[in-house]
Protein chains: 2
Amino acid sequence: MSSAAIPAIAAADWGTTRLRVWLLDRTGNVLAERRSDEGLLAAQPDRFAEILERQLADMGAPPTLPTILCGMVGSRQGWVEAPYTTVPVSLADIFGAAVRVAGTARDIRIVPGLAQRDPSAPDVMRGEETQLAGAVATLGSGRHLVCMPGTHSKWVELADGAVKAFQTFMTGELFSVLSTQSILRHSIGRDAKVAAGSTAFETWCANALAAPGPVETSLFRIRAATLLQGLQPADAAAALSGMLIGAEISAAKARFLTQGGSVVLIASGSMSDLYQTALGLAGFDVMVADADDAVRAGLTEAARHLGMMGSKDVA
Amino acid sequence: MSSAAIPAIAAADWGTTRLRVWLLDRTGNVLAERRSDEGLLAAQPDRFAEILERQLADMGAPPTLPTILCGMVGSRQGWVEAPYTTVPVSLADIFGAAVRVAGTARDIRIVPGLAQRDPSAPDVMRGEETQLAGAVATLGSGRHLVCMPGTHSKWVELADGAVKAFQTFMTGELFSVLSTQSILRHSIGRDAKVAAGSTAFETWCANALAAPGPVETSLFRIRAATLLQGLQPADAAAALSGMLIGAEISAAKARFLTQGGSVVLIASGSMSDLYQTALGLAGFDVMVADADDAVRAGLTEAARHLGMMGSKDVA
């Protein structure tokens with residue numbers, strides 16, 4: 001192992017259904033990676049240490065290598081609760097509130113999530129704050145509107161390194177339950193993949209953007225279009241996706257777009273492609289950051305901020 | 001059996017999951033009733049005749065008693081397809097398009113559903129058109145706005161005995177899949193019954209009416225309110241119901257309320273109570289018709305219109 005290949009930190013994004021672990025060098029480069037299905041649900045109630053140590057040993061991590069974690073592992077149902085920090089809050093203060101896991105040989109810390117305690121708009125996030133910090137490291141200060149699509153999409157208003165406000169949209173989860181559990185499954189069939197460049201996606205997304213209406217009624221239009229207009233299964237899946245994403249963007253625009261028209265999209269793979277298309281249809285200038293890169297950069301930032309990467313890195 | 005107790009017609013509302021059959025006298029009074037779970041799904045592909053005859057024999061119906069049906073039994077996946085009539089259409093013309101089941105000893109007819117073929121607002125209904133006809137028989141002519149809550153709520157604009165336009169909201173189905181299949185199940189728990197007079201129902205419904213927004217974001221507020229504000233399971237179910245019903249009514253108001261502020265609510269049981277509360281919060285004057293009574297009255301009207309109840313009734 002060359003000197004450059006010596007791990008400075010282990011980092012993990014530990015969510016409800018997935019665990020991703022990396023060994024990173026002092027500049028945040030990936031030396032090793034493991035992905036597993038041992039998310040929160042598989043690790044409860046007390047298998048967290050065992051699972052993490054097995055993954056680290058598998059990558060040859062030294063037993064004293066410090067480890068930084070983010071995601072649902074810090075929830076009340078996780079390993080150790082890292083209580084929410086309350087917005088508005090600076091990214092530095094989020095990291096400063098990281099919680100140390102007691103009784104472990106190595107130094108393990110968990111980045112907390114964010115809570116928005118406005119009584120009329122309560123909201124929470126866990127994990128996305130770390131992606132956000134990673135992306136901001138390259139964005140610089142100033143005001144940014146950030147879109148992080150997923151099971152529960154987050155839109156975030158950032159200003160000068162602080163999270164001012166955010167809003168969650170259950171877009172991905174609605175697509176999932178509606179395409180498999182509702183009457184729309186008869187329209188969509190078994191393969192609910194949405195093809196990149198789908199005309200049906202663009203059409204239904206543009207309609208949702210042009211005439212924002214309640215999804216309760218737009219949803220049934222997909223069923224009616226199957227019965228009356230011969231909408232095909234692949235197009236029905238694209239229609240559902242386009243309609244839900246269009247409704248999300250339309251509402252987020254109304255909520256956050258006080259100035260300018262640019263958005264930072266933190267996403268990966270086909271999700272990134274669909275949102276780039278949809279945000280373009282909505283008239284946004286889009287800057288794209290890869291979600292995997294962002295979470296690793298954020299975890300590295302957190303470890304550095306907490307002095308976990310040695311004095312050389314702090315200097 | 002007294003002369004008054006002689007059945008003039010058998011009538012059935014045959015939906016996707018339920019079958020309800022009645023023997024009715026010449027004025028539409030109920031002489032016998034059977035309810036079963038042998039809906040469309042249980043009767044496919046060719047058990048329709050067998051199931052209906054067993055229910056009729058069980059009630060002692062003569063083998064030549066004519067029978068009028070409505071609901072999904074007339075869909076393409078049903079017994080015999082009764083093709084949609086297209087709105088605008090008069091209730092008389094809907095009945096006139098009833099389809100006769102071939103090859104049966106008794107005279108069996110199926111009332112067709114309605115299709116709205118507007119390319120920008122395709123929509124369909126099957127079964128509700130018969131409830132509508134039953135309610136209209138007592139409402140008289142003129143303009144009426146009708147709300148029929150359910151798995152797929154229908155709002156209908158009626159004028160002078162004709163259906164002008166309608167809109168479907170997947171309110172009931174959204175409640176069902178979200179309360180059992182989404183992250184909200186953790187907030188709601190196992191018993192998703194909404195208590196009549198629930199303060200949480202009224203609060204969330206009033207909020208949805210006052211500030212109509214996308215349900216994708218309001219939905220996650222229920223989760224956040226559980227985590228941050230101590231929202232309890234029974235209140236979370238009421239919140240979800242109130243929010244979805246409020247969003248439906250708000251959108252229906254925007255779509256249909258061109259004049260006046262009264263609505264005819266065709267519903268039964270706890271659903272009727274919840275919608276009466278919600279429509280009251282929205283400022284509507286509400287006239288209530290029982291859904292079971294309405295569908296029987298509509299089936300009786302259809303049979304009379306089709307001359308199935310003997311010359312005495314036509315006179």
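This is a predicted model: local features need pLDDT of at least 70, side-chain atom pairs count only at pLDDT 80 or more; totals for chains, interfaces and linings use all residues.
A:Asp160 sits in the chain A loop that runs between β12 (153-159) and β13 (162-169). I then looked up its backbone: phi of A:Asp160 is near 50°, a positive value, and the residue is not a glycine.

Is A:Asp160 buried or exposed? I found 11 C-beta neighbours inside 10 Å of A:Asp160. The cut-off for exposed is 12 or fewer, so A:Asp160 counts as exposed.

Next I turned to chain B. Where is B:Asp160 found? I located B:Asp160 in the loop between β12 (153-159) and β13 (162-169) of chain B. For B:Asp160 I noted a positive phi of about 50°, again in a residue that is not a glycine.

I went on to cis peptide bonds. Which residue is joined to A:Pro88 by a cis peptide bond? The partner is A:Val87, and I read an omega of about 0° for this bond. I placed A:Pro88 in the loop of chain A between β5 (85-86) and β6 (89-90).

In chain B I looked up the bond between B:Gln44 and B:Pro45. This peptide bond is cis, with omega about -5°. As for its setting, B:Pro45 lies in the chain B loop between two helices, α1 (40-43) and α2 (48-58).

Terms used. Residues are numbered from 1 along each chain as its sequence is written. Chains are lettered from A and ligands numbered from 1 in the order in which they are written. Helices (H or I, at least four residues) and strands (E, at least two) are DSSP runs, numbered from the N terminus. A residue is buried if 20 or more other C-beta atoms lie within 10 Å of its own, exposed if 12 or fewer, and partly exposed in between; C-beta atoms are placed from the backbone.
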